[in-house]
Amino acid sequence: MRPTDIRRLGGTALQVRVPAGSVESLRGALVEAPLPGQRAVVAGGATVTVMFASVAETTAATTALRGVSIPPPAPLSGPVIDIDVVYDGEDLDEVARTTGTDTDTVIRRHTDQQWHVGFVGFAPGFAYLRGDLDGPAIPRRASPRVRVPAGTVALAGEYSAVYPRPSPGGWQLIGRTDAPLWDLDRDPPALLVPGTRVRFRAVREHLVVPQAALPATEAPDGALRIHATGMQTLIEDLGREGYAPLGITRSGAADRGALEQANRLVGNPAGAAALENTGGLVLSSEVDQVLAVTGADAVVAVTTDQGYRIVPRATAFPLWAGEVLEIDPPDAGLRTVLAVRGGIDVPAVLGSRATDVLSGLGPPPVAAGDLLPVGPQPRTAVGAPEAPAAVPATEGTVVDVIPGPDGEWFPPESLAHFTSRPWTVTPDSNRIGVRFAGEPLARRNGDLESQALVTGAIQVPPSGLPVAFLADHPTTGGYPVIGTVAPHHLDLLAQLPIGAAVHFRFTG
């Protein structure tokens with residue numbers, strides 16, 4: 001059998017639709033024999049998504065994918081892992097009622113069968129487990145919880161899963177475990193990887209899920225001293241490549257162009273760690289530093305013994321010892337990037353210093369009182385001033401969108417509605433996704449099999465209100481994707497201010 005249903009997912013990914021039983025076979029074949037430019041392969045419920053390094057390689061791979069032979073499903077032979085569970089979940093009674101049984105039957109069905117990892121996604125270490133016995137599909141909750149505790153055992157559809165860390169979730173909660181699902185000191189960090197088999201065992205003792213402690217670090221001389229952070233200040237670089245199959249998105253700077261420009265100006269490598277801020281950042285240094293601020297259009301002032309001076313955007317400037325720098329809330333755009341010559345030198349996690357707010361990987365959000373170490377001075381020249389990048393205003397912004405892989409979920413009038421009417425950025429937007437308010441889109445009822453997501457993917461949940469994913473998005477999701485923001489507008493998406501009115505425009 002060869003792939004026949006291949007769809008674009010943004011500029012640099014292809015989604016292959018196959019029967020559920022062939023997902024792991026195709027994923028394994030592509031990992032064993034990668035296509036030119038292939039960066040990652042992410043399995044879904046009935047899809048395999050292949051991510052590439054460039055648009056040209058993505059286009060060329062469409063033909064190559066049609067020639068890939070999908071091996072027949074192999075017998076399950078991976079290791080068997082026993083997971084002890086206390087079955088006292090908040091939704092256990094509801095699952096019993098929905099399935100027309102009692103709680104003892106729900107527990108027995110869960111423990112009497114062997115499960116296996118169908119695919120990994122949503123968050124680091126989150127494995128979608130398929131059972132070997134037929135059973136009723138468990139509907140997701142109508143309203144997802146804001147926070148599901150780490151170690152929670154849950155059901156949704158035909159799947160079971162264990163939440164590796166606290167996160168939002170709409171699954172039905174039936175129990176809890178202290179099994180270490182995610183450990184950065186383990187190789188691989190995820191306990192449950194494709195091919196692994198799982199047996200759940202009912203236990204009665206109280207389990208406590210351990211919380212990982214952050215390592216203590218001391219800042220060396222020359223650190224930046226943080227006095228105030230505004231609404232949010234994070235350490236970001238260009239992120240983690242290649243971990244999507246483990247449920248880890250790339251993360252990194254939301255506006256990658258702004259990060260690269262700021263680093264270029266101070267003479268750093270393009271991916272050096274910098275500060276991403278939404279306004280209100282105040283810092284100082286006890287030694288001379290060279291800084292640059294890019295991204296959103298905000299007033300940047302330096303207070304000195306003699307008064308203060310305003311420094312321009314997209315220009316390297318000195319911060320002399322004892323001076324205080326302050327970034328005001330933006331007048332246009334949303335996020336500023338502040339680079340320091342030498343880069344923010346905190347410990348890397350999986351090869352990156354980026355803070356991922358969904359997975360919890362990387363350094364914690366910057367707080368007042370922090371001392372941020374600065375790396376060694378590079379042997380490069382400071383860059384000449386550059387033109388600041390354009391940032392969106394509150395009106396008139398048009399965002400180019402590549403049609404999504406799930407167009408059949410939307411009637412023609414809904415696709416027309418998506419591009420003909422304005423959408424307003426809501427206050428609950430964040431680095432995970434930009435949420436829009438407007439007249440809801442009509443779409444097919446029901447749930448979609450979970451599938452891979454990319455930065456810029458625009459999901460439409462049952463509410464009919466679009467969500468465009470940013471740098472810290474989940475790696476998989478179960479709502480239809482109406483389109484994906486074109487690569488040349490991803491930085492624009494990251495800079496949309498709260499309340500901005502936006503029009504989407506379909507483009508090839």
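Strands, like helices, are runs assigned by DSSP and numbered from the N terminus, a strand having at least two residues. In that numbering, Ala314 lies in the loop between strand E20 (307–311) and strand E21 (317–319). The model described here is predicted.

**The four-stranded sheet**

- Four strands make up an open sheet, ordered E1-E2-E4-E3, with antiparallel pairing.
- The edges of this sheet are E1 and strand E3 (38–43), each of which pairs on one side only.
- On average, neighbouring strands of the sheet are turned by 20° against each other, direction ignored.
- Five bridges link E2 and E4, which pair in the antiparallel sense.
- Across from Ala13 stands Met51 in E4.
- Helix H1 lies across E2, E3 and E4, and runs at about 165° to E3.

**Helix H2**

- H2 covers residues 55–66, twelve in number. From its first C-alpha to its last it reaches 18 Å, close to the 16 Å expected at 1.5 Å a residue.
- Thr58, Ala61 and Leu65 are the buried residues of H2. They cover an arc of only 60° around the axis, which puts them on the same side of H2.
- Ala56, Ala60 and Thr63 are exposed, on the face of H2 turned away from its buried side.
- What do the buried residues of H2 pack against? Their partners are strand E1 (5–8), strand E2 (13–17), helix H1 (23–32) and strand E4 (47–52).

**Strand E32 and its partners**

- Strand E32 spans residues 481–485, and five of its five residues are buried, so the strand is largely enclosed by the rest of the structure.
- Strand E25 (residues 397–403) is joined to E32 by three bridges, and the two run antiparallel. Pro403 stands opposite Gly483 in E32.
- Strand E29 (residues 457–459) is also joined to E32 by three bridges, again antiparallel. Here Gln459 has Val481 of E32 as its bridge partner.

**Helix H6**

- In helix H6 (residues 412–420), the buried residues are Ser414, His417 and Phe418. Seen down the axis of H6, they fall within an arc of 105°, so they line one face of the helix.
- The exposed residues Pro412 and Glu413 sit on the face of H6 turned away from its buried side.
- The elements covering the buried residues of H6 include E25, strand E26 (423–425), E29, E32 and E33.

**Two single residues**

- Thr152 belongs to strand E9 (residues 152–156). Is Thr152 buried or exposed? Its relative accessibility is 7%, and buried means under 20%, so Thr152 counts as buried.
- The side chain of Thr152 comes to 2.8 Å from the backbone oxygen of Pro149.
- Leaving aside residues up to four places away in sequence, Thr152 touches Ala161, Val162, Tyr163, Leu173, Gly175 and Arg176.
- Ile498 sits in the loop between helix H7 (490–494) and strand E33 (501–506). Ile498 is partly exposed, with a relative accessible area of 40%.
- Residues up to four places away in sequence aside, Ile498 touches Val425, Thr426, Pro427 and Ser429.
- Ile498 and Leu361 are 137 residues apart along the chain, and their C-alpha atoms are separated by 26 Å.

- Most residues other than glycine have a negative phi, and most peptide bonds are trans.
- Phe122 is not a glycine, yet has a positive phi of about 70°. This residue is in the loop between strand E6 (115–120) and strand E7 (127–131). Phe122 counts as buried because its relative accessibility is 19%, and buried means under 20%.
- With a relative accessible area of 1%, Ala314 is buried.
- Where is there a cis peptide bond? One joins Asp187 and Pro188, with omega at about 0°. Pro188 lies in the loop between strand E12 (172–176) and strand E13 (197–202).

Key:
Residues numbered from 1 in each chain as written. Predicted model: local features only at pLDDT ≥ 70, side-chain atom pairs only at ≥ 80, totals over all residues. Heavy atoms only, no water. Expected span 1.5 Å × (residues − 1). Buried < 20%, exposed > 50% of the residue type's maximum accessible area, 1.4 Å probe, protein only. Arc of directions from axis to C-beta. Contact = heavy atoms within 4.5 Å. Polar contact = N/O pair within 3.5 Å; in protein donor to acceptor, adjacent residues only side chain to side chain. Pairing = 2+ DSSP bridges. Axes fitted to C-alpha atoms, helices over the stretch in contact; angles between N-to-C directions.
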